[in-house]
Amino acid sequence: MAVAAGLRALGAKGSGWLRRDPWAPLTTGFCSGGRPGSGGRSRGRDPPSRGSGTASGQRPAWPKRRNALSLAMLKSLQSDILHEAESQDLKVIIISVSDCLSSLSFLFSTGNFAAEGPVFSSGHDLKGLTDEQGPDYHAEVMMLIQNHPVPIIAMVSGLATAAGCQLVASCDTAVASDTSSFATPGVNSGLFCSTPAAALGRAVPRKVALEMLFTGEPISAQEALLHGLLSRVVPEEWREEETMRIARKVASLSQPVLSLGKAAFYWQLAQDLRTAYHLTSQTMVNNLGLPDGQEGVKAFLQKRKPVWSH
Amino acid sequence: MAVAAGLRALGAKGSGWLRRDPWAPLTTGFCSGGRPGSGGRSRGRDPPSRGSGTASGQRPAWPKRRNALSLAMLKSLQSDILHEAESQDLKVIIISVSDCLSSLSFLFSTGNFAAEGPVFSSGHDLKGLTDEQGPDYHAEVMMLIQNHPVPIIAMVSGLATAAGCQLVASCDTAVASDTSSFATPGVNSGLFCSTPAAALGRAVPRKVALEMLFTGEPISAQEALLHGLLSRVVPEEWREEETMRIARKVASLSQPVLSLGKAAFYWQLAQDLRTAYHLTSQTMVNNLGLPDGQEGVKAFLQKRKPVWSH
Amino acid sequence: MAVAAGLRALGAKGSGWLRRDPWAPLTTGFCSGGRPGSGGRSRGRDPPSRGSGTASGQRPAWPKRRNALSLAMLKSLQSDILHEAESQDLKVIIISVSDCLSSLSFLFSTGNFAAEGPVFSSGHDLKGLTDEQGPDYHAEVMMLIQNHPVPIIAMVSGLATAAGCQLVASCDTAVASDTSSFATPGVNSGLFCSTPAAALGRAVPRKVALEMLFTGEPISAQEALLHGLLSRVVPEEWREEETMRIARKVASLSQPVLSLGKAAFYWQLAQDLRTAYHLTSQTMVNNLGLPDGQEGVKAFLQKRKPVWSH
């Protein structure tokens, strides 16, 4: 039951959001199958240029410190995300999910990355799991991703297990390296991954989810893509590059428009089709009422690039 | 936000349905990424024989004229489909969806195609989108496909964007050429494709839908097949052939049986499993009560081909 | 409309469950496309060793007798499954689904297989289908699979049609040989596969389900995997081996934990996300309260293999 995750927030300016003390170190984690030795990312290779390369000076340093995804940490994460949601400058959040001994970080930027927050890596803190509040906090954080006003992208390498797998399943979209894998191994330790199953069962076909949950065995990145847990798989050396390419594209668009659209998407998906169309038709009308909606239409007619006021 | 579509209705006899004046020409459309030069279909190659070839005399000419998918047009399309639903001779509708500068046509036949209707191609009429009624009419037309008593097949080539992508997502099944692609690029113009998202989000996994909606970037035919937006991908030169093969197979079956089954399918899908089984068990009983249900069982027992009374 | 199925129950001890007279012979079946000559499984090849080989003495003999899946049989099957659900020794059920002239068997074991029950093969009994109770009983048996406390694995070879396809769609997970295929051919005989559609429509994307239902044509094992009807496809000679490997892994885990998890999985899947997380958070707490949950955590902390009390 390992989660190792990094959070990057791509916005218009830096913030004091993540300027806090390092969190408590890893104590006891459920981590089966992680590759501790490979937790640190290779820095020797530069991603090949694909037409949207990041200047090396713009590429953020990735997290190095490791702390447990304890209940206290989940609470911090939750309040951080909630606090940041109010920032109009925030454009995209990238959650980096890696092996058991990988890490979680918060980064911030103006166009490019500008700020970097504290980092941690983890397996679940057993105390967090055995605490009655533990599972509920996990659920709150996972739902927060869906309810957050900016797109949240998972970037995966290595093995994402249990809450790590749940985190990937909960993100809006997910990019993974072709060597990554995904498992819900709780049954091996007598704890069925029931809360991860809520996210997993909504991301992949029922038979795939149940085979993962019943056996605890991992599926490959290709299988995860095939079954809908990922939206994109790339070679490990392109993982950061490809994720940043998507993040930059998203960050170049109107934030209020994306925010309106994201909320409408999840809202309508839970309704019957007629209600879904009623809701989204109204969303189209509201979208046209936004300054950036008006600007987009004007720019289209005038055959020029739109200038968003956000 | 382009839709370019062709409607073919495969039935037992022709009709006056489509005998109307050509619609108004294309005015203003959201069309990003379409390939105007390739809108006309290649006529130089014949599809290779695959055991179910159409005699060349039977193959309909494909649409050449182009008009906007305006609000007025949607209303026409809606009333046409509604009117034709009453025809007992109608067996299959094929909606051809192509590049921005492609076209929409209605064809009719006795066994083979017999009648051909007016054609158009389009991007969305901006007036239609900015009109408060616009999105609602889109929704009505899309739901009509699901509520229509005959199977409706999308046949796709080129780039299907926005409402075109929504149209493909809304059809019962969809055949596409391997060079086709699919996008919801509204965000580029400040208009999130919210109504297309209602159809798209029910056809492909959430992560795939959101990446398309957040970035506006296209997915390939193979990705669309992988993720459930299509039921079949074939080389471009087999597209018409394969679509017609499926259409003819469907047209050879009992229309009342297909109609009963299609309605039950969508109905039960929105229910919990117990209710779904209760509904479909009753449908089986009703099916056996149909003349064609009785004939099918009799023919099976007598080891002969059934003769449908429809 | 053929179903040919075999049931294997992998448990801790044998039972008298399946010790009954052979059922009535096949009378009238809807069987299109089955390969009668290949119904008997090849015994000449041993599966290649993949590190988890079954000793040849442990591999059960597969069923040879054939009987119809009549209404009476469904009732027997239902009461058998219900009766066996009370056994604390039962760990896994394997339902073998094959060609029209294949068979159904019940096996039991202590660790390995220990008991084998009567076998049958079938197409639907027309009487069962025309009987008003027929479809309801089919539905009851299919829902029983989902409500059963142990994991139920489909093992498929050959062509699984109609109720056979429904059976595969209804199982928790499904392993199939790469030469197997899946169809709902009822429309050919004037009977739309409406009850199979309830299971199929919940396993594969809507467009794939409707193309199968509208045309009656089969999809391949690879397509079935691609679309979520299967969780695993292997070469025919590895089919038993791979299925048994999964079954043994599942049988090595805590039965009460799997049972709790399986019930929670289906329960939460029908709820909105918030309710789903509320339910599964409570399930995590309940899981920790089980003796095997406590043992699993203890064993993890003590870095030893857990010993389940079940």
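Analyst: Across the interface of chain C and chain B there are 16 residue pairs in polar contact, both residues at pLDDT 80 or more. A polar contact here is a pair of N or O atoms within 3.5 Å; within protein, one must be able to donate a hydrogen and the other to accept it, and residues adjacent in sequence count only if both atoms are side-chain atoms. Keep in mind that this is a predicted model, where local features need pLDDT of at least 70, side-chain atom pairs count only at pLDDT 80 or more, and totals for chains, interfaces and linings use all residues. Residues are numbered from 1 along each chain as its sequence is written, chains are lettered from A and ligands numbered from 1 in the order in which they are written, and side-chain values use heavy atoms, with hydrogens and water left out.

As for charges, chain C and chain B share two salt bridges, each a side-chain nitrogen of Lys or Arg within 4 Å of a carboxyl oxygen of Asp or Glu. One of them joins Glu211(C) to Arg232(B), at 2.4 Å from N to O.

Which elements of chain C do the touching? Those giving two or more residues to the side facing chain B are α2 (126-130), α3 (133-147), α4 (163-170), α5 (194-200) and α6 (206-215) of chain C. The largest share, nine residues, comes from α6(C). Helices (H or I, at least four residues) and strands (E, at least two) are DSSP runs, numbered from the N terminus.

In total, 44 residues of chain C are in contact with 50 residues of chain B, contact meaning heavy atoms within 4.5 Å. The two chains bury about 4100 Å² between them, 65% of it on carbon and sulfur atoms; that is the accessible area (1.4 Å probe) that two parts lose on being put together, summed over both. Arg206(C), Lys207(C) and Phe214(C) supply 19% of what chain C buries against chain B, more than any other three residues.

Now for a sheet in chain B: three strands form an open, mixed sheet in the order β6-β8-β9, where pairing takes at least two DSSP bridges. β6 (159-161) and β9 (219-220) of chain B each have a single partner strand, so one side of each is left without a neighbour in the sheet. β8 (residues 181-183) of chain B runs antiparallel to β9(B) over two bridges, with Phe182(B) opposite Ile219(B).
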